[in-house]
Amino acid sequence: MDAPVEQPTGAPTRIDFPSSNDDATVNAFWIQSVQPLLANPPAAVTLNLSGSDVRSLAMFSALVAMRRAVEKRGGTVTILGLQDIGKSILQSIERRAIALAPVPKQSVIAQTGTAALAALGMIGSILRFSQQIVVALFWAVRHPRTVRWRDFCAAAASSGADALPVTCALSGIVGFIIAFQTMPSFQKFGAPTMVGIVVAIAMVRELGPLISAIILSGRSGSAFAAELGTMTVTNEIDALRAMDLEPVRFLVVPRVLAVVIMTPILSMIATLSGLLGGYLVLYMNGISFAFYLEQIRQNLAPHDFIQGVFKMFVFALLIGSAGCVSGLETAQGPGAVGRSATRAVVSGIVLVIVTDGALGALFYLLGW
Amino acid sequence: MNSTRPVLEANALEIGYGSTVIQSNITFSVTPGEIVCVCGGSGCGKSTLMRTVATLLDPLGGSLKIGGVELVGSSAEDLSVIRRQLGVMFQSGALFGGLTVLENVMLPIETHTQLSRSVRREMAMSLLSAVFLEDHANKLPSELSGGMQKRAAIARALSLEPPIVLLDEPSAGLDPITSAELDMLIRRLARLARKTFLVVTHELPSIFEIADRIVFLDAVERTVTAVGPPSQLRENGPERVRRFLNRQPENADKEAA
Ligand SMILES: Nc1ncnc2c1ncn2[C@@H]1O[C@H](COP(=O)(O)OP(=O)(O)OP(=O)(O)O)[C@@H](O)[C@H]1O
Ligand SMILES: [Mg+2]
């Protein structure tokens, strides 16, 4: 060896491997020789294996680790007395080490940032797919024979009929709560009948569609993401593409069509249920049903109902697309489908509430 | 048009995912009716090559012509033309879980032809009997064994009678008899129907049985590939190819001694 040998600090330049493999010897060897070297690799080291058995996994691991540590900082390693079997195992490990690329690790802060960006990215994804989805929807309307009606029916049943009980129950309760909470204040002003107007406007214009949308997102948005995500993971989406079948046209269109057609109806029924829930409080305060209906008729115009249905139409479009798109963008590996479902629900609800605000402002400006 | 014009032509093809290059200098061409086996160590990029040829993964560089149409920089119409010439079987089978085996095989026929339902059914049934699955036509993929799913996927890949068939490890998980029968099917389709096959396989008997030529992807260098008839490469190919075809790991001779 003619390389200039820089005297190491701490770690010895020659390490003799013990001949015994019992646990106590291995532990002592590890503490006295291996760890100091790994902590502070010298520029040159001689590893003497004569008399030791490298078929022991502990010895072999020590050999590999020390060698890697020294060579990583550009040092030289001389190995003495290595048996043939050890040499060939060492060689095959080295071959792997070259072939395997290192996996970059992310810090916690970077991971948090990535997660935050992912939520925003979903909006980008939907925008990216939106053109494709809109084109495919128009195509489907003009060529109804090309739509997979079987998928449509399944999605329509689960987002419509199956969701009806829970949606109605929830909006009934919300209607009741609004009436119940506002009643004392209005009574103070001697106008308990005003509660009916508050409930009606809130349910028809806002809460009926909003509650339906949130349940749609939790039930159907996540289901679409899981279905399409599983298909992505098992290469079924690839198989469709290879058959020249566009997944958007084939899978997304029937699902989005189903929710867009079914959920405005669902939202209307939910609104009715909310109105009834609110009436329960009025009834307890001695207000007649006929009076309540008359109040609704006088204070709500048809466009209020149309506004609610239109909102639900937009929400359904957003939630259906968000579910399908996050399913199609599922990564590989375990947990990927679950992450897609979560992403579908979270981004669906965020999109719905942001859009609700924007639509509210728009309707206000239009003077509706 | 000359019938021996290559149907598949890769030139200095570079494949990989985004910025990760998996193989960087793949050059080979396949003529009609030829069976070419893609082989090489696990992780060398065989499935990646298949996904690239199946137009599901953009090449990172070089050129790839399928049926005379260049894939690199192709328009949406070109891509459609290319895809109609391909039948693809994925390593995982990738059957549609919600459809029965029969419906899986009928799906491509249904969406790309105007044939009546009974014709489609007959076509699908005869394909299923070719892969010995006629008795399982009405089962869901989840009710089949792994090897049966593979065979159903092969039937689906053949359903539109594509001139080029890509199979990713068709005989993995099959017993030797079924695997040999599958080899015979592939050979017959190639010889009689002049279909072109690109088949990923590790099975040496299968390689020597069906392959006119092999494309060997090297897992270590990632730039070197060997192309040629298997028996010739076994004798005179580069060292790692010879070892692969002789089932001989490095150091094997030393340990035996
Ligand atoms: N989606 C992906 N993104 C990034 N890298 C990938 C992806 N899929 C595979 N790889 C990498 O590409 C390389 C080649 O993978 P590929 O699936 O083509 O191997 P293979 O030759 O088919 O192996 P096997 O014989 O085990 O099927 C592997 O190193 C793998 O880690
Ligand atoms: Mg593979």
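A:Asp244 reaches across to chain B, where it touches B:Ser80, B:Arg83, B:Arg84 and B:His112, leaving aside residues up to four places away in sequence. Please keep in mind that this is a predicted model. Below you will find that contact between the chains, a helix of chain B that is largely enclosed, the surroundings of ligand 1, and some of the 18 salt bridges that the structure holds over all chains.

**Where A:Asp244 meets chain B**

- A:Asp244 sits in the loop between helix H8 (236-242) and H9 of chain A.
- The side chain of A:Asp244 is joined to that of B:Arg84 by a polar contact of 2.9 Å.
- Is A:Asp244 buried or exposed? A:Asp244 is buried, because its relative accessible area is 16% and the cut-off for buried is under 20%.
- Along chain A, A:Asp244 and A:Ile265 are 21 residues apart, and 35 Å separates their C-alpha atoms.

**Helix H3 of chain B**

- Helix H3 (residues 101-112) of chain B has 12 residues, and nine of them are buried, so this helix is largely enclosed by the rest of the structure.
- The buried residues of H3(B) are B:Val101, B:Leu102, B:Asn104, B:Val105, B:Met106, B:Leu107, B:Pro108, B:Ile109 and B:His112.
- One of these, B:His112, is also among the residues that A:Asp244 touches.
- What do the buried residues of H3(B) pack against? Their partners are H8 and H9 of chain A, together with helix H2 (76-84), helix H4 (117-130) and helix H5 (146-158) of chain B.

**Around ligand 1**

- The residues that surround ligand 1 come from chain B: B:Tyr17, B:Ile22, B:Ser42, B:Gly43, B:Cys44, B:Gly45, B:Lys46, B:Ser47, B:Thr48, B:Gln91, B:Glu169 and B:His202.
- Sorted by class, this shell has three nonpolar, seven polar and two charged residues.
- Which helix gives the most to the shell around ligand 1? That is helix H1 (residues 46-53) of chain B, with three residues.
- Taken alone, ligand 1 exposes 640 Å², and the protein buries 61% of that.

**Salt bridges in chain A**

- Side chains of opposite charge can pair when their charged atoms come close.
- A:Arg255 and A:Asp151 pair through their side chains in a salt bridge of 3.4 Å, N to O.
- This pair links distant parts of the chain, as A:Arg255 lies in helix H9 (residues 247-284) of chain A and A:Asp151 in helix H5 (residues 149-159) of chain A, 104 residues apart.
- A:Arg255 counts as buried at 8% relative accessibility, and A:Asp151 is buried with a relative accessible area of 18%.
- A:Glu227 joins in as well: A:Asp151, A:Glu227 and A:Arg255 are linked in a network of salt bridges.
- A:Lys311 forms a salt bridge with A:Asp356, with 3.1 Å between the closest N and O atoms.
- Here, too, distant parts of the chain are linked: A:Lys311 is in helix H11 (residues 302-328) of chain A and A:Asp356 in helix H12 (residues 336-365) of chain A, 45 residues apart.
- A:Lys311 counts as buried at 0% relative accessibility, and A:Asp356 is buried with a relative accessible area of 9%.

**A salt bridge in chain B**

- B:Arg213 and B:Glu34 form a salt bridge whose closest N and O atoms are 2.7 Å apart.
- The two residues are 179 residues apart and link distant parts of the chain, with B:Arg213 in strand E9 (residues 213-217) of chain B and B:Glu34 in the loop between strand E2 (20-30) and strand E3 (35-39) of chain B.
- B:Arg213 counts as partly exposed at 21% relative accessibility, whereas B:Glu34 is buried with a relative accessible area of 11%.

**A buried serine in chain A**

- A:Ser220 belongs to helix H7 (residues 194-233) of chain A and is buried, with a relative accessible area of 3%.
- Setting aside residues up to four places away in sequence, A:Ser220 touches A:Ser158, A:Ser159, A:Ile215 and A:Val259.

Methods: Residues numbered from 1 in each chain as written. Chains lettered and ligands numbered in written order. Predicted model: local features only at pLDDT ≥ 70, side-chain atom pairs only at ≥ 80, totals over all residues. Heavy atoms only, no water. Helix = DSSP H or I, 4+ residues; strand = E, 2+ residues; numbered from the N terminus. Buried < 20%, exposed > 50% of the residue type's maximum accessible area, 1.4 Å probe, protein only. Contact = heavy atoms within 4.5 Å. Near = heavy atom within 4 Å. Areas by Shrake-Rupley, 256 points an atom, 1.4 Å probe, with all protein chains shown as cover. Nonpolar A, V, L, I, M, F, W, Y, C, P; charged D, E, K, R; others polar. Salt bridge = Lys/Arg side-chain N within 4 Å of Asp/Glu carboxyl O. Polar contact = N/O pair within 3.5 Å; in protein donor to acceptor, adjacent residues only side chain to side chain.
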